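These are my notebook entries on a protein chain, kept in the order in which I looked things up. I began with strand pairing and ended with the chain as a whole.

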Amino acid sequence: MQEEKDNNMNEEENNRSDASQDTITKVDGMFQDWFLDYASYVILERAVPGIDDGFKPVQRRIMQSMKDLDDGRYNKVANLVGHTMQYHPHGDASIADAMVQLGQKELLIDMQGNWGNILTGDRAAASRYIEARLSKFALAVVFNPKTTDWQLSYDGRRKEPIDLPVKFPLLLAQGAEGIAVGLSTKILPHNFNELIDASIKVLKGRSFNLFPDFLTGGIADVSNYNDGLRGGKVRVRAKIAQQDKSTLIISEVPFGTTTSSLIDSILKANEKGKIKIKKIEDNTAKEVEILIYLGSGISPDKTIDALYAFTNCEVSISPLCCIIQKNKPIFIGVSESLKYSTDHTVELLRKELKIQLSELEEQWHFSSLERIFIENRIYRDIEEEETWEGVIKAIDKGLKPHIKHLKRPITRDDIIKLTEIRIKKISKFDIDKAKLFIEGLEDKIAEVKNNLDNIIDFTIAYFKELKLKYGKSKTRKTELRIFDDIVATKVVMRNSKLFVNRSEGFVGTTLKKDEYVADCADIDDVIVFRADGKMMITKVDTKTFVGKNIIHVAVFKKKDKRTVYNMIYKDGKSGTTYMKRFSVTGVTRDKEYDLTAGNNNSKVLYFSANPNGEAEKVTILLRAVGTIKKLKWDVDFADLAVKGRSSRGNTVTKNTVRKIELKEKGVSTLKPRKIWFDDTVERLNVDNRGELLGEFTAEDRLLIITQKGFAKTIVPNLNTHFESDMIVLEKWIPNKPISAVYFDGDKERYYVKRFMIDNPNKEEKFITDHPGSQLQIVAMDYRPMAEVIFSKRSLDKLKINFEEYIAIKGIKALGNQLTSEKIKNIDLLDPLPYEEPKINDLEIVGEEIIDKEEKKLPAEETTQNTANDEDGQTSLF
C-alpha cells in the first residue's frame with residue numbers, strides 16, 4: 001500500500017516537473033515587445049501633442065466632452081471630467097489637472113470660480129466647486145463635425161475625433177510640455193496676434209520670425225532661440241525696477257516660476273551671502289508685486305544684477321519642438337510647424353467650402369424641383385394613380401419637360417421628397433418668393449465658388465477676421481531684449497573678509513588675527529605676489545598656503561586690463577636689476593608663474609599695484625662699492641610700456657642696489673576710457689556697441705534725465721540699470737545749461753526754464769510735483785531754439801530763443817510762463833552757434849588730460865586708488 005502511494009507521489013512530481021518545463025519562457029523578447037508597446041503608447045497617447053490640432057489626447061477628449069455638453073451655460077468641472085472619462089481611459093485626477101492647465105492658458109475655456117493662479121502657484125479649487133464652458137474662440141475655430149474624422153473610443157461605446165479640425169496654429173499659441181519614454185517635448189507659447197500675422201505672411205510668401213510670449217510677462221532674450229529646435233536657449237528675466245534708493249520692486253516673473261519659488265530662491269541666495277537684503281514682501285494679487293528692501297549702503301543696481309545671477313529672477317529655457325505627425329514623433333522648428341498649420345487651415349477651409357457648396361447646390365436643386373412641381377401643378381397628375389410606383393412614374397413624367405436647366409439628374413429620392421410636401425405649403429406657395437430664394441442661393445453658390453477659386457485670399461481674410469474679433473486683448477506681454485552677460489564675481493555680495501599672514505605664507509577668511517586685505521566672496525579668486533618673484537592665483541578659501549614672504553595680495557579681477565603692476569627685481573644669476581610694467585588678465589588657477597628672468601635667488605626690490613595704470617617715479621640708491629660715481633638717480637615708470645607678465649624688463653643697473661624709494665606718486669598713463677550705451681540691452685559697455693557717450697576719466701560723470709522730470713548725475717558703471725522712461729543720457733558738462741519746457745498741472749500753464757545741476761550726488765525733480773505736470777521737451781544745446789505749434793489753428797507758431805527768454809536759474813525755480821494755450825507740439829530747431837572755451841593750463845599725459853596743479857601729489861601707497869561712487873560701487877576707473 002505504502003509502495004503504491006510512493007509511486008503515485010513520484011508520478012505527480014514528474015508531471016509537475018514536465019508542466020514547469022513546458023511553461024518556461026524567455027523574458028528578453030517579452031521585455032523588448034512590452035517596452036516598445038509601452039513607449040509607443042506614452043509617446044502617442046499621453047505626452048506629445050499632435051501637429052494637426054495641437055492637442056494631446058486627454059486635451060482633445062476634454063474639448064470634445066465640453067462640446068457634447070455645451071449649451072451656452074457653465075458646467076461643473078466635475079461633471080465635465082466625468083463625461084470625459086467616457087473617452088479617456090484614465091483617472092479623474094489626471095483629467096481635472098489637464099483641464100485646469102488648459103483653462104489657465106486663457107484661450108479655449110471660459111472659466112468661473114477659483115482656477116488657481118499661475119503667478120503665485122496657488123492650486124485651483126476642487127473640480128466640484130469650479131465651472132467652465134467653451135470660449136467663443138474655441139467654438140469658432142476648433143469644432144466642425146462635418147470635417148472631423150472619427151474613431152471608436154477605448155471601450156467601443158462612443159465615437160471620438162481622431163483630430164479636431166482646428167483652423168489656427170493652436171499648438172504654438174498654447175505651447176506644450178511633456179516627458180515620454182526616450183524623448184520629451186517643450187514648445188513655448190507664442191503671441192496670438194503675431195501667429196496670425198505670421199500665418200498671413202506664409203500665405204503671401206513672405207518671410208517671418210516667431211518668438212515666445214509668456215502670460216507671466218517678464219523680459220526674454222531670444223537671440224539663441226534657434227527656431228525652437230534642439231540646442232536653442234531662451235533666457236527669461238523678472239522685471240525688476242528701483243522704487244527708491246533702498247527698495248526694489250519685482251512686477252513680472254519669468255516663465256515657469258511663481259512668486260513663491262522666486263522668493264524662496266532670493267531667500268536662499270541671501271542666506272548663502274550671494275546677495276544682501278533686509279526683508280522681502282509679497283503683495284501679489286491680480287498683478288505681481290514683490291518688494292525687496294535693501295540695507296544702507298547696498299547698491300540697487302548691483303543687487304539687481306546679483307538677483308539675475310544667483311536667483312530664479314533669471315531662468316534659462318531649452319525649447320524642443322517634438323510633435324506627432326502620422327503616428328510618428330518628429331522634431332521640427334516653430335517656423336515649419338506654423339507653415340504646416342497654415343497649410344492645414346487652408347485645406348480645412350477648402351473642405352468646409354466644398355461641403356457648403358454641395359449643400360447649397362443640393363438646396364438649389366430641390367428648391368428648383370419644388371417650384372417646378374408646384375408651379376406646373378404636377379401634383380394633379382397623381383390623383384388617378386392607385387399604386388406607389390404609378391405615383392413615382394407620373395411625377396417623373398410630369399417633371400421631364402421642365403428639368404433641362406437642372407444641374408444633375410432627378411433621382412427617386414428627389415421624387416419621394418416631393419410627395420412629402422404638405423398641401424398647406426402648396427396652397428400658400430408664392431412664386432415670386434421662390435424665385436428670390438433661388439436667386440439668393442445662386443448668389444451664395446457663386447460666392448462660395450469664388451472663395452474656392454481664391455482660397456488663399458479667403459484664408460487671409462479668415463485670419464484677419466480672427467485677429468479683429470479675438471485679438472484685441474492679446475497684446476504681447478513679454479518684452480524682447482538682448483541681455484548683457486552678468487559676471488557673477490562682479491555682482492556677488494562680498495560677505496567675507498580676506499586676511500593674509502605674509503611671513504608664513506597663508507591667505508584665507510579665517511585668519512582674523514592677521515592682516516586684513518579686503519572684503520571678498522566665496523566665488524572670488526585671490527592674486528598673490530611673493531618676494532621671490534613668483535605669482536599665483538587661487539580661489540578664496542578658509543586658509544590656503546601660497547608661499548612665504550608675500551609682498552602683495554588682492555582680490556583678482558579677471559580680464560582686468562586697467563590694473564598695471566610696476567616691479568623692480570634683481571636677477572639671481574647675473575645680479576642685474578630690471579624694471580617692468582605688466583598686467584594680469586587671466587591665468588591658470590593654482591599655478592605658479594615666475595615674473596623674473598627665471599633664475600634662482602631672484603628677488604623683488606620694489607613692487608606696486610596700480611588700479612588705473614598709474615606710473616610713479618622712484619629713486620634708485622646704489623651701494624658705495626669701488627669707483628662708482630653715481631650712487632643715486634630717479635627712474636620714471638611712465639617711460640616703460642606695459643607688456644606681458646613674462647617679459648624680462650628693462651635694465652636699471654648692473655651694480656648692487658641698496659635701496660629704492662618712492663619719490664613721486666604717479667598719474668594714470670591709460671587713455672580716458674571710451675564708453676558706449678547699447679540701446680538694445682540698455683547697458684553701458686566698453687566694447688564699441690551702440691552710441692558713443694564720450695571719453696571718461698575718473699572724475700567724469702553721466703547726466704540722466706527722465707520723462708518724469710528727474711535729473712541726476714552718476715559715475716559711469718557697467719552695472720548701472722537705467723529707467724525705461726530715460727530721455728537724456730550723455731556725458732555731463734558741469735557748466736552746460738539744461739533747457740526745458742513743461743506743463744504745470746496746478747496752474748495749467750506752460751513754463752520755460754534753464755538750470756544747471758547744483759548737486760551732482762542727488763537726484764532732483766525740475767518740474768512741479770502736481771500729478772498733472774508733464775515734461776514737454778528738454779534741450780541739451782548751449783543756445784537752443786524751439787518752435788511751438790498750438791492746437792488752435794488760428795494761433796501762429798511761436799519761436800523760442802531759450803537764452804533770451806530766461807536766464808539760468810536754480811533747478812527748483814518755477815521758470816518763466818510760456819503760454820496758457822494748449823500746445824500741440826514743440827519742435828527743436830537748429831541751435832545758435834556757440835564756441836566752447838579753450839582748454840588752458842592742461843597737459844596731456846598718455847592721451848589723458850590732467851590739471852597741472854593736481855599733477856604733483858604727496859607720495860602715498862598706490863595699491864588701493866580706486867574711485868568709488870555714491871553707492872559704494874567700484875567705478876570704471
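Entry 1. I took two strands to pair if DSSP finds at least two bridges between them. The model is a predicted one, and I read every value below as computed from it. I looked up strand E8 (residues 219–224) and strand E9 (residues 233–237), and found them antiparallel and joined by four bridges. Ile 219 has Arg 237 of E9 opposite it. I then traced the sheet around this pair. The sheet is open, has four strands in the order E14-E9-E8-E17, and is mixed in its pairing. At its edges I noted strand E14 (314–317) and strand E17 (479–480), each of which pairs on one side only.

**Entry 2. The antiparallel sheet.** I turned to a second open sheet, whose four strands are ordered E10-E11-E13-E12 and pair antiparallel. Which strands stand at the edges of this sheet? I found strand E10 (239–244) and strand E12 (279–282) there; each has a single partner strand, so one side of each lacks a neighbour in the sheet. Direction ignored, neighbouring strands of this sheet are turned against each other by 20° on average. I counted four bridges between E12 and strand E13 (residues 290–293), which pair in the antiparallel sense. Within that pair, Ile 280 is opposite Ile 292 of E13.

**Entry 3. Helices on that sheet.** I next asked which helices lie on these strands. Helix H9 (residues 259–271) lies across strand E11 (247–252), E12 and E13, and runs at about 180° to E12. Helix H10 (residues 300–310) also packs on the sheet, where it touches E10, E11 and E13. I recorded an angle of about 155° between the direction of H10 and that of E10.

**Entry 4. Helices H3 and H5.** At what angle do the axes of H3 and H5 cross? For helix H3 (residues 57–68) and helix H5 (residues 92–103) I read roughly 80°, with the axes coming within 10 Å. Since angles of 65 to 115 degrees count as roughly perpendicular, H3 is therefore roughly perpendicular to H5. From H3, the contact involves Val 58, Gln 59, Ile 62, Met 63 and Met 66; from H5, it involves Ile 95, Ala 98, Met 99 and Leu 102. I sorted the residues of this contact into eight nonpolar, one polar and no charged.

**Entry 5. Helices H12 and H13.** I examined another helix pair in the same way. Helix H12 (residues 388–399) packs against helix H13 (residues 412–419) at about 100°, and their axes are 10 Å apart. That angle makes H12 roughly perpendicular to H13. On the H12 side I listed Trp 388, Glu 389, Val 391, Ile 392, Ile 395, Asp 396 and Leu 399, which meet Arg 412, Ile 415, Ile 416, Leu 418 and Thr 419 in H13. The residues of this contact comprise eight nonpolar, one polar and three charged.

**Entry 6. Strand E36.** Is strand E36 mostly covered or mostly uncovered? I found five of the five residues of E36 (residues 702–706) buried. E36 runs antiparallel to strand E38 (residues 726–731), with five bridges between them; Val 728 in E38 is the bridge partner of Ile 705. E36 is also joined by four bridges to strand E37 (residues 710–714), again antiparallel, and Lys 712 in E37 is opposite Ile 704. Three residues lie between the strands in the hairpin of E36 and E37, where Gly 709 adopts a positive phi near 95°.

**Entry 7. Strand E43.** I noted that strand E43 (residues 785–790) has five of its six residues buried, so the rest of the structure largely encloses it. E43 pairs antiparallel with strand E44 (residues 798–801) over four bridges, and Val 788 is opposite Leu 798 of E44. With strand E47 (residues 823–829), E43 pairs antiparallel over six bridges, and Phe 790 is opposite Ile 823 of E47.

**Entry 8. The whole chain.** The protein chain holds 18 helices and 49 strands. Its radius of gyration is 42 Å, whereas a compact globule of 877 residues would have one near 29 Å. The C-alpha trace spans about 155 × 130 × 45 Å along its principal axes. Of the 877 residues, 46% count as buried.

Technical notes
Residues are numbered from 1 along each chain as its sequence is written. This is a predicted model: local features need pLDDT of at least 70, side-chain atom pairs count only at pLDDT 80 or more; totals for chains, interfaces and linings use all residues. Side-chain values use heavy atoms; hydrogens and water are left out. Axes are lines fitted to C-alpha atoms, for helices over the stretch in contact, and angles run from 0 to 180 degrees between N-to-C directions. Helices (H or I, at least four residues) and strands (E, at least two) are DSSP runs, numbered from the N terminus. Angles under 35 degrees count as roughly parallel, over 145 as roughly antiparallel, 65 to 115 as roughly perpendicular and the rest as oblique. Contact means heavy atoms within 4.5 Å. Ala, Val, Leu, Ile, Met, Phe, Trp, Tyr, Cys and Pro count as nonpolar, Asp, Glu, Lys and Arg as charged, and the others, Gly among them, as polar. Buried means under 20% relative accessible area, exposed over 50%, partly exposed in between (1.4 Å probe, protein chains only). The radius of gyration is taken over C-alpha atoms; the globule rule is 2.2 Å times the number of residues to the power 0.38.
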